[in-house]
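Trainee: I have a structure open here and I'd like a close look at one chain of it. Could you walk me through how its core is put together and what surrounds that core?

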Amino acid sequence: MIDNKDCKCEEVKCEENRNECKDNKREEMIEKIKCLNFAVIELGLYLDTHPDDQRALCLHREYTKNLKNLKDMYQKVYGPLSIYFPCNKWRWLEEPWPWERGNF
Amino acid sequence: MWTYNKVLEYPINIKTPNPRLAKFIISQYGGPDGELAASLRYLSQRFGMPDQKSKAILNDIGTEELAHLEMVGTIVHQLTDGVDAGTIEREGLGAYYTDHGTGVYPQAAGGWPWNAATIAVKGDPIADLQEDLAAEQKARATYEKLIDLCADDPDVLDPLRFLREREVVHFQRFGEALRGVQDKLAEKKFYMNKNMKCE
């Protein structure tokens with residue numbers, strides 16, 4: 001274990017009690033994340049060839065905002081979905097990988 | 001650059017291993033119309049595109065294909081994970097097991113390792129986008145054959161159907177990008193020269 005007492009970064013707590021969020025809540029959240037994630041991918045491709053479609057653009061704004069909020073909530077409790085989520089503990093190794101049914 | 005998201009694009013949970021199906025499905029991992037070929041084809045061709053729309057669509061579909069590569073690898077992994085050598089051999093994967101165990105290796109169903117000769121990068125936007133349209137149709141056809149072969153397992157069928165659908169959407173978007181490139185190339189070009197004295 002290598003200590004770093006000089007670290008000037010703010011501590012980021014992301015180990016909220018898992019029991020506070022019962023597991024069906026977790027399933028519900030990840031399901032919603034996957035739906036929004038897919039909708040954003042699909043809208044992205046559509047907007048690449050229809051950049052002036054204001055209705056699609058509006059949906060893209062709505063879905064990306066909801067996705068970000070939901071991912072922030074999920075990651076705070078269940079661990080990071082990417083290495084860009086800060087935490088005072090390296091939790092990237094905790095959750096099984098997607099091919100092992102992690103974040104399923 | 002890319003960022004890894006620790007979640008599949010579409011959920012996969014295969015409850016009963018079945019190496020026989022893995023032997024066929026591996027083709028969409030490293031076969032001629034598979035996801036590795038698709039991603040490398042689009043991500044390589046994008047450098048030669050003339051307009052913003054075609055660069056974007058190749059970039060973004062190429063990226064989605066990487067997510068599909070992970071999905072196909074996941075299917076193969078879950079179909080073979082924990083299966084003993086005897087069963088693997090009986091189900092027709094003895095030769096594969098000899099070289100790769102139950103690892104996921106990019107090869108075609110017939111056993112040939114992934115080959116860059118299965119993709120083309122012509123440096124010509126019309127030729128490249130036409131190839132992409134054909135590639136999406138070939139991938140769609142391959143998924144339909146796999147769906148026929150996997151009809152008895154709903155856990156495998158479900159993600160295969162999703163992947164097939166995506167090929168149809170990608171075909172549509174490539175068609176739109178191609179039309180944009182054709183319009184751009186067909187535009188009349190005007191050149192002004194101050195010596196022309198055209199008042």
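Mentor: Let's begin with confidence: chain B averages a pLDDT of 96, and 99% of its residues score at least 70. pLDDT is the predictor's confidence in each residue, from 0 to 100. This is a predicted model, in which local features need pLDDT of at least 70 and side-chain atom pairs count only at pLDDT 80 or more, while totals for chains, interfaces and linings use all residues. Residues are numbered from 1 along each chain as its sequence is written, and chains are lettered from A and ligands numbered from 1 in the order in which they are written. The model scores ipTM 0.92 and pTM 0.93.

Now the layout. Chain B has eight helices and zero strands. Helices (H or I, at least four residues) and strands (E, at least two) are DSSP runs, numbered from the N terminus. The C-alpha atoms fill a box of roughly 85 × 30 × 30 Å along the principal axes. The radius of gyration of chain B is 21 Å, whereas a compact globule of 199 residues would have one near 16 Å. That value is taken over C-alpha atoms, and the globule rule is 2.2 Å times the number of residues to the power 0.38.

Next, what is tucked inside? In chain B, 39% of the 199 residues are buried. Buried means that 20 or more other C-beta atoms lie within 10 Å of a residue's own, exposed means 12 or fewer, and partly exposed is in between, with C-beta atoms placed from the backbone.

Here's the part you asked about. The largest nonpolar core has 44 residues, and those with the most contacts inside it are B:A22, B:I25, B:I57, B:M71, B:V72, B:I75 and B:V76. At least two core residues come from each of α1 (19-25), α3 (35-45), α4 (52-80), α7 (125-149) and α8 (154-186) of chain B. The biggest giver is α4(B), with eleven residues. A nonpolar core is a set of buried Ala, Val, Leu, Ile, Met, Phe, Trp, Tyr and Cys residues joined through C-beta atoms within 7 Å.

Zoom in on B:I25. Setting aside neighbours within four places in sequence, B:I25 is in contact with B:V72, B:I75, B:V76 and B:L146. Two residues are in contact if their C-beta atoms, placed from the backbone, lie within 7 Å. Across chain B, 77% of the contacts between residues at least 6 apart in sequence join residues at least 24 apart.

Then follow α8(B). This helix has 33 residues and reaches 48 Å from its first C-alpha to its last, close to the 48 Å expected at 1.5 Å a residue. The expected span is 1.5 Å times one less than the number of residues. Its buried residues include B:V156, B:L160, B:L163, B:F174 and B:L178, and also the charged-type names B:R166, B:E167 and B:R173.

B:I88 counts as buried because it has 22 C-beta neighbours inside 10 Å. Beyond four places in sequence, B:I88 is in contact with B:P19, B:V83, B:L93, B:G94 and B:Y97. B:I88 and B:A186 are 98 residues apart in sequence and 56 Å apart in space, C-alpha to C-alpha.
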